[in-house]
Amino acid sequence: MADYDVVVVGAGNAGMTASAAMAKKGLKVLLLERHNIPGGCGTSFCRGRFEFEVALHQLSGMGSPEHPGPLRMMLQELGVIDDLEFVEIPELFRAVMPGTIDVRLETDKAQVIAELQRHFPGEKEGIEKFFDLAFQFATQMLSVFYFKDPDASRDKYPILYEYAFKTCREVLDSFFSDPLLKAVVSVYWGYIGMPPDRLSFAYLAILYFSFIEFKAYHVKGGSQAMSNAIVNKFLSYGGEARFHCGVRKIEVANGEVKGVVTEHGERISAKCVLSNASPVATYLQLIGPDHVPEQVHVEMRGRSLSMSGFTLYIGLDCEPGELGIRDSTSFIMSNTEIGEKVYDQMRKLHVEDDLLVLSCYNIADPDFSPKGTTELNLVTLKFGEPWLRLPPTEYFREKYRSAENMMRNLERVYPGIRDRVEELEVGTPLTHMRYLGHPAGAIYGFAQHMKDSLFFQPGGGSPIQGLHLAGGWSGDPGFQPTLEAGKAAANSILKELGA
Ligand SMILES: Cc1cc2nc3c(=O)[nH]c(=O)nc-3n(C[C@H](O)[C@H](O)[C@H](O)COP(=O)(O)OP(=O)(O)OC[C@H]3O[C@@H](n4cnc5c(N)ncnc54)[C@H](O)[C@@H]3O)c2cc1C
């Protein structure tokens, strides 16, 4: 008899929600996490008097209690919603290119259209038509993919069928002529990690629709509070969790999962194993190539890694208003590039004129950091390979060189900010690689090229019996998708085990 019904490898979003959902239904579940805290990307760390949020900028899919979104409903079903406090973020974002444009968009379609029309009066008609199209596209997509209309057809959903495989660039070009407008409207590409030239229009449409329809939220206490709440609920359902307990091996015999071996050498048998680690690590390191069917190798060879992140975690010794910080989320642009040059820049070691995303947590939640202080997260996207090639002796110099460039770009928007820095920590692609165990520190799983976009996700199944995968590598990355992916994986396993 197996020690457990299911062993879950990794306490990232998907690993945690899957564990809680399965334990709630009575399965005997063991959750093993290599780090000493739960959450994966959804964690925090402390420096001085600040507890820094690692990853969460804006939570999508929540909606209000009166108008709940899919994520709120899922957390409700899991039983964790009452243990958490969510704070609505009033704006979509501020997009600023010093000396060129400064635009603030709220979570309101009419305001978004009016504000963009104010800045780009020559493109009035195109702006309105673009957002109408994006909303129609998103609602048609929801009907087909979320509500699973069995009678979906080109006649019934003409906009979905016409635009599903168009890139953002193609759609932007057909509505707008000003490159600055195109860059502002598509600035959300920074949340997916694929420049508009290559990004599926579907992602852009869904992001606008979701943040306007269900608003953007933050969690009181940061994503760590949410991770703790999910794991605590899992434990209250009778689940067992071990931290500082990585999995070294997933045992497979005759094409079937048998259990795992921990990094401490303990052998644990299970009917199923759910891996929240990347498929690359799961198949090549934990299982070993000999036990992996050729079709898995072929599938993985056809994909490429997403980029990682380069992040400045900044604690200020003043309140945001003193420096004129009024927005929760700002995209800081240095140019209007939305094509290959953006991709090339992400492949370079140094941060120069890369797109920056600034989150100020104290705007929506003034208590986020100690009174009289401000917590900021300034992030850009960078591929991990140049950092992997860097000799260790040069690591710190290069890390602070890029950090200095980012700080300089930030000062152009908030002069004097450098003088108010009390704490500063820098996370590079190698930091993400170390803490998450993902190849090259990729934070968005496999790259979301058009051929790998949301319409073609492989899902969490596996040709190895009893093995399941869930997380940002087998579906879409991001908080909402991965939290939901865990629930979906739990449903598959419950079905498989007849529970
Ligand atoms: C800097 C940064 C900024 C981001 N910003 C946003 C944002 O604003 N909005 C958004 O929606 N998304 C954002 N994301 C992406 C989002 O955080 C991730 O897509 C999501 O959290 C991934 O969840 P996951 O379930 O795939 O697990 P992961 O977070 O990838 O966690 C996997 C877990 O598995 C563990 N693990 C791996 N191997 C083993 C092993 N052998 N044994 C035991 N444990 C193991 C790891 O330690 C880790 O805890 C950001 C990510 C980062 C890093």
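Residue numbers start from 1 along each chain, following the sequence as written. In this predicted model, local features need pLDDT of at least 70 and side-chain atom pairs count only at pLDDT 80 or more, while totals for chains, interfaces and linings use all residues.

**View 1. Strand 2 is covered on both faces.** Here we look at residues 29–32 (strands are DSSP E runs of at least two residues, helices are H or I runs of at least four, both numbered from the N terminus). In a regular strand, side chains alternate between the two faces of the sheet. Val29 and Leu31 sit on one side, Leu30 and Leu32 on the other, and all are buried (20 or more other C-beta atoms within 10 Å of the residue's own, with C-beta atoms placed from the backbone).

**View 2. Strand 2 pairs with strand 1 and with strand 9.** Pairing takes at least two DSSP bridges between two strands. Strand 1 (residues 4–9) runs parallel to strand 2 over four bridges, with Val6 opposite Val29.

**View 3. The ligand lies between domain 1 and domain 3.** Both domains give residues to the shell around the ligand, so that is why it lies between them (domain bounds come from an automatic or database assignment). Helix 1 gives the most to this shell, with three residues.

Terms used. Buried ≥ 20, exposed ≤ 12 C-beta atoms within 10 Å, placed from the backbone.
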